[in-house]
Amino acid sequence: MERKEFAPLSFWAWNEFMDDESICRRIEEFHEEGLRGFFMHSRAGLMTSYLSKEWFHACRTAVKKAEELGMEAWIYDEDGWPSGFAGGLVNGCGQEYQAKYIKICKADDETAGHRILASFRKLPTAMILQSRQRRMCCLFVSQNRIMWIYCLKSYGKIPGSDTRTL
């Protein structure tokens, strides 16, 4: 007796124009090879716009064909990296949607204008919390006092791209 639940699934890279005929033909090939199902995954080269009406139509076509053949259809819901990137659609909405990191540095001309999470002042015997307000960093360093700040920074745009950001 064949144990279908242990049969492999294909990680299917969608990297072309996804039309109904080619989708169904590929799923039939998967079925003939004994695959239990497949993951639909958007990859570089995809000519059907990710998350467009055409994209969802292609997904519905694949799911329907998989059901006809008793196969599993999974959507690997990602396009590009890092996770949650959605092919640049999320991060393209603006800086507040872009990946962030916290940078610890001394307050100086370079940090002026950055959004800070907290600042600390170094005293001879201790380091004290100066502020936890979310505000822009301004220069407030005087002689013999070093101010350490925690800046919230964005990774920004991917080089050579108008819309995709990290």
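A: The account below starts with the whole protein and then turns to the sheet, the helices and the aromatic rings.

This is a predicted model, in which local features need pLDDT of at least 70 and side-chain atom pairs count only at pLDDT 80 or more, while totals for chains, interfaces and linings use all residues. Residues are numbered from 1 along each chain as its sequence is written, and side-chain values use heavy atoms, with hydrogens and water left out.

The protein has two helices and eight strands; these are DSSP runs numbered from the N terminus, helices being H or I with at least four residues and strands E with at least two. From the N terminus on, the order of elements is β-α-β-α-β-β-β-β-β-β. Of the 166 residues in the protein, 34% are buried, where buried means under 20% relative accessible area, exposed over 50% and partly exposed in between, with a 1.4 Å probe and protein chains only. Among the contacts with a separation of 6 or more, 69% are between residues 24 or more positions apart; a contact means heavy atoms within 4.5 Å.

The open sheet has three strands in the order E1-E2-E3, with parallel pairing. Its edge strands are E1 (9-14) and E3 (72-76), each of which pairs on one side only. Neighbouring strands of the sheet are turned by 25° against each other on average, direction ignored. Two strands pair if DSSP finds at least two bridges between them. E1 and E2 (residues 37-42) pair in the parallel sense over six bridges, and Leu9 has Gly37 in E2 as its bridge partner.

Both helices lie across strands of this sheet. H1 (residues 20-32) lies across E1 and E2 and runs at about 155° to E1. H2 (residues 53-68) lies across E1, E2 and E3 and runs at about 175° to E2. Axes here are lines fitted to C-alpha atoms, for helices over the stretch in contact, and angles run from 0 to 180 degrees between N-to-C directions.

Ser52 sits in the loop between E2 and H2 and is buried, with a relative accessible area of 16%. A polar atom of the Ser52 side chain lies 2.6 Å from the backbone oxygen of Ser49.

Next come the aromatic rings. Rings of Phe, Tyr and Trp (its six-membered ring) pair if their centres lie within 6.5 Å; planes under 30 degrees apart count as stacked, over 60 as edge-to-face and the rest as tilted. The count by this rule is nine aromatic pairs. One of them is Phe11 with Tyr76: the ring centres are 5.1 Å apart and the planes stand at 80°, so this pair is edge-to-face. Phe11 belongs to E1 and Tyr76 to E3, so the pair ties together parts that are 65 residues apart in sequence. Phe11 is partly exposed at a relative accessible area of 46%, and Tyr76 is partly exposed at 31%. The rings of Phe30 and Phe38 also pair, with centres 6.0 Å apart and planes at 40°, so this pair is tilted. Phe30 is buried, with a relative accessible area of 11%, and Phe38 is buried at 0%. Phe30 and Phe38 belong to one aromatic cluster together with Trp12, Trp14, Tyr50 and Trp55.

How values were computed
Polar contact = N/O pair within 3.5 Å; in protein donor to acceptor, adjacent residues only side chain to side chain.
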